[in-house]
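New page in the notebook.

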Amino acid sequence: METNHWRISTFNGALLAAYFVPAWAIPAVRIIVSPVHGFYERQSVSVALFLNDHLHLTGVYTVRAAWLLALAKLTVVAFFTVFVVLTARASIRKTGGCDEALGFALGIGSLISFASMVTASLVGEHEALRLHATELLLMLGAVSLMALEPPLVVAKDAVQDAPLSTNTSFASALHGEPQPHAA
């Protein structure tokens, strides 16, 4: 029976990409267009308040920090986009070739969400705290799926060359060299 060969983590990653690409690209573009106004919107207000209240940054450095946040979010969006493009090809999806892009997106995105959640906690922005905590939990759930899910395709060479007896070692099965047996 032929299936589509979609792993649960790949499908979950595609759903996360459907959420994070617009949810992070639109605020990042707003920050690029108008750094101060975009920085004080709901998605990044906790970072902006933390930088201004606790680090006492001037206007120029606040704009630079806003642009760095936008660049980091656009990097995550780019990795999610590459992941979605790679999942469109079945041969790449079956071998797990798209998992690296998803891993980078989840890793960088988790760091951004965790830092935003901590800053929201420190400045008392409860709505931003809920938003960043939810995003962080979504990404950590995808990371745990990727870590716990077994690979979809097993190499045919490894299955055909596997030894039938238990007397040979794993190294001899891989290299084809007989290994001396310990008595």
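Predicted model: local features only at pLDDT ≥ 70, side-chain atom pairs only at ≥ 80, totals over all residues.

I started with Phe 39. Skipping neighbours within four places in sequence, I found Phe 39 in contact with Ile 31, Ser 34, Ser 44, Val 45, Val 47, Ala 48, Leu 51, Thr 62, Ala 65, Ala 66 and Leu 69.

Next, the nonpolar core. Which residues touch the most other members of the largest nonpolar core? Phe 39 turned up again, together with Trp 24, Phe 80 and Leu 106, in a core of 27 residues. I then checked which elements give two or more residues to this core, and got α1, α3 (45–53), α4, α6 and α7. The largest share comes from α4, with 8 residues. As a general reminder, nonpolar side chains tend to be buried together in soluble globular proteins.

Trp 24 got its own entry. I located Trp 24 in helix α1. Is Trp 24 buried or exposed? Its relative accessible area is 2%, under the 20% cut-off, so Trp 24 counts as buried. Leaving out residues up to four places away in sequence, Trp 24 touches Lys 73, Val 76, Val 77, Gly 109, Ile 112, Ser 113, Glu 135 and Met 139. I also looked at Gln 43: Trp 24 and Gln 43 are 19 residues apart in sequence, and their C-alpha atoms are 8.4 Å apart in space.

That took me to α1 itself. Helix α1 covers residues 8–33, and at 1.5 Å a residue its 26 residues should span 38 Å; I got 37 Å between the end C-alpha atoms, which agrees. I did spot a kink of about 25° at Phe 20, shortly before the proline Pro 22. The buried residues of α1 include Ser 9, Thr 10, Gly 13, Phe 20, Pro 27 and Ile 31. What do they pack against? I listed α2 (35–39), α4 (59–87), α5 (90–95), α6 (99–123) and α7 (126–148).

Beyond four places in sequence, Asp 99 is in contact with Arg 7, Thr 10 and Met 146. With neighbours within four places left aside, Ser 116 is in contact with Ser 46, Val 47 and His 132.

Terms used: Residues numbered from 1 in each chain as written. Heavy atoms only, no water. Helix = DSSP H or I, 4+ residues; strand = E, 2+ residues; numbered from the N terminus. Expected span 1.5 Å × (residues − 1). Bend = angle between axes of the 7 residues up to and from the residue. Buried < 20%, exposed > 50% of the residue type's maximum accessible area, 1.4 Å probe, protein only. Contact = heavy atoms within 4.5 Å. Core = buried A, V, L, I, M, F, W, Y, C linked by side-chain atoms within 4.5 Å.
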